[in-house]
Amino acid sequence: MTNPELLAILPQLAAGSAHTHALGFEFLGHEDRRVRMRVPYRRELVGDPASGVLAGGLVSTLLDHVGGMSVWLALNQFQSIATLDMRVDYMRAAAPGRDLLAEAECYQLNRTMAFVRAWAFEDDPNDPVAASQAAYIIHKPSLRDQSQGDAE
Amino acid sequence: MTKPLLDHLPYAQFLNLKTEVFGDQVTVVMPFSDHLIGNPLIPALHGGTTAALLEMAAMAKVSHLYPRLRLPRPINVSIAYLRVGRATDVYARAEIRKAGKKVAYVTAEAWQEAHDKPIATLTAHFQLDDSTGD
């Protein structure tokens, strides 16, 4: 069962930082180990002004962030985490004018690391704009506030 | 000299990226701004901002060496996060390691206080053939 304290703060974790707020990230929901977010389409977020396609860097940011959300869901609590590395494949251009959705699943977890797959799409997760594979470091709770957020 | 590629891209402008060109060396700067913060406790930049900077720096480098391309398109990118991104300016520079007819292999580094202490690195493939894809 999902921890109600975590459930209560998921929307804040999706959109509560200055950067995610500026991008307009939204928490849409979760099911089992999958979590879903959205970034509403906006001209400012476009990478190709001629086509109106959203920027690759925005897609990477969304995949990184939704991936972190899936780690908290798998941990069933909020803990300090940091992305160790992430690989993104860009399958096709995002449809101009459309909001972008993203889903992530933390499919494996141990004491110190979490492994995540995520994908971005407009309508159908099986027709992704981009897909990612990432590893996250899980910091020990006692070190939480001193976190270096790095791999050293 | 025409304006640098990134000056035309809305998302690069959203991140306030500045391109500095000296010969074939292309450096992209992401000046610190509050709206880049992803973790207010540390405080630290959102990793996505660094990823976007690295990708844009790679695009700027490819565009500089292949001006015939309308817009360099990444096929895939891989980011390694080495250090936390502090609440200060970030610099990034890319190199093209191999360029064939269709694909270029590009690496890039992002740093803050010292070039030899990168906060993140990128490896990526870019499409050099504008005619394929959309």
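Student: How many bridges join β5(A) to strand β5 (residues 73-81) of chain B?
Tutor: Residues are numbered from 1 along each chain as its sequence is written, while chains are lettered from A and ligands numbered from 1 in the order in which they are written. Strands here are DSSP runs of E, at least two residues long, and helices are runs of H or I, at least four, both numbered from the N terminus. β5(A) and β5(B) run antiparallel, and the number of bridges joining them is five.

Student: Which residue of β5(B) is the bridge partner of R87(A)?
Tutor: β5(A) covers residues 81-90. Across from R87(A), the bridge partner in β5(B) is S78(B).

Student: Which strands stand at the edges of the sheet?
Tutor: Strands pair if DSSP finds at least two bridges between them. The open sheet has 12 strands in the order β1(A)-β2(A)-β6(A)-β7(A)-β8(A)-β5(A)-β5(B)-β8(B)-β7(B)-β6(B)-β2(B)-β1(B), with antiparallel pairing. Each edge strand has a single partner, so one side of each is left without a neighbour in the sheet; these strands are β1(A) and β1(B).

Student: How many residues join β6(A) to β7(A) in the hairpin?
Tutor: β6(A) and β7(A) run antiparallel, joined by eight bridges, and E105(A) has R117(A) as its bridge partner in β7(A). The number of residues in the hairpin that connects β6(A) to β7(A) is three.

Student: Is I138(A) buried or partly exposed?
Tutor: I138(A) lies in strand β8 of chain A, residues 130-138. A residue is buried if 20 or more other C-beta atoms, placed from the backbone, lie within 10 Å of its own, exposed if 12 or fewer, and partly exposed in between. Because I138(A) has 19 other C-beta atoms within 10 Å, it is partly exposed.

Student: Which element supplies the largest share of the side of chain A that touches chain B?
Tutor: Residues are in contact if their C-beta atoms, placed from the backbone, lie within 7 Å. The contact takes 36 residues from each of chain A and chain B, and α2, β3, α3 and β5 of chain A each supply at least two residues of chain A's side. The largest share, nine residues, comes from β5(A).

Student: Which residues does L54(B) touch?
Tutor: L54(B) is among the residues with the most contacts inside the largest nonpolar core, which has 81 residues. A nonpolar core is a set of buried Ala, Val, Leu, Ile, Met, Phe, Trp, Tyr and Cys residues joined through C-beta atoms within 7 Å. Not counting residues up to four places away in sequence, L54(B) touches I79(B), A92(B), A108(B), A110(B), A120(B) and L122(B).

Student: Where does pLDDT stay under 50 in chain A?
Tutor: The mean pLDDT of chain A is 93, and 93% of its residues reach 70 or more. Where pLDDT is low, the predicted coordinates should not be read in detail. The stretch of chain A under 50 has 20 contacts beyond four places in sequence in the model, and it covers residues 143-152.

How values were computed
This is a predicted model: local features need pLDDT of at least 70, side-chain atom pairs count only at pLDDT 80 or more; totals for chains, interfaces and linings use all residues. Two residues are in contact if their C-beta atoms, placed from the backbone, lie within 7 Å. pLDDT is the predictor's confidence in each residue, from 0 to 100.
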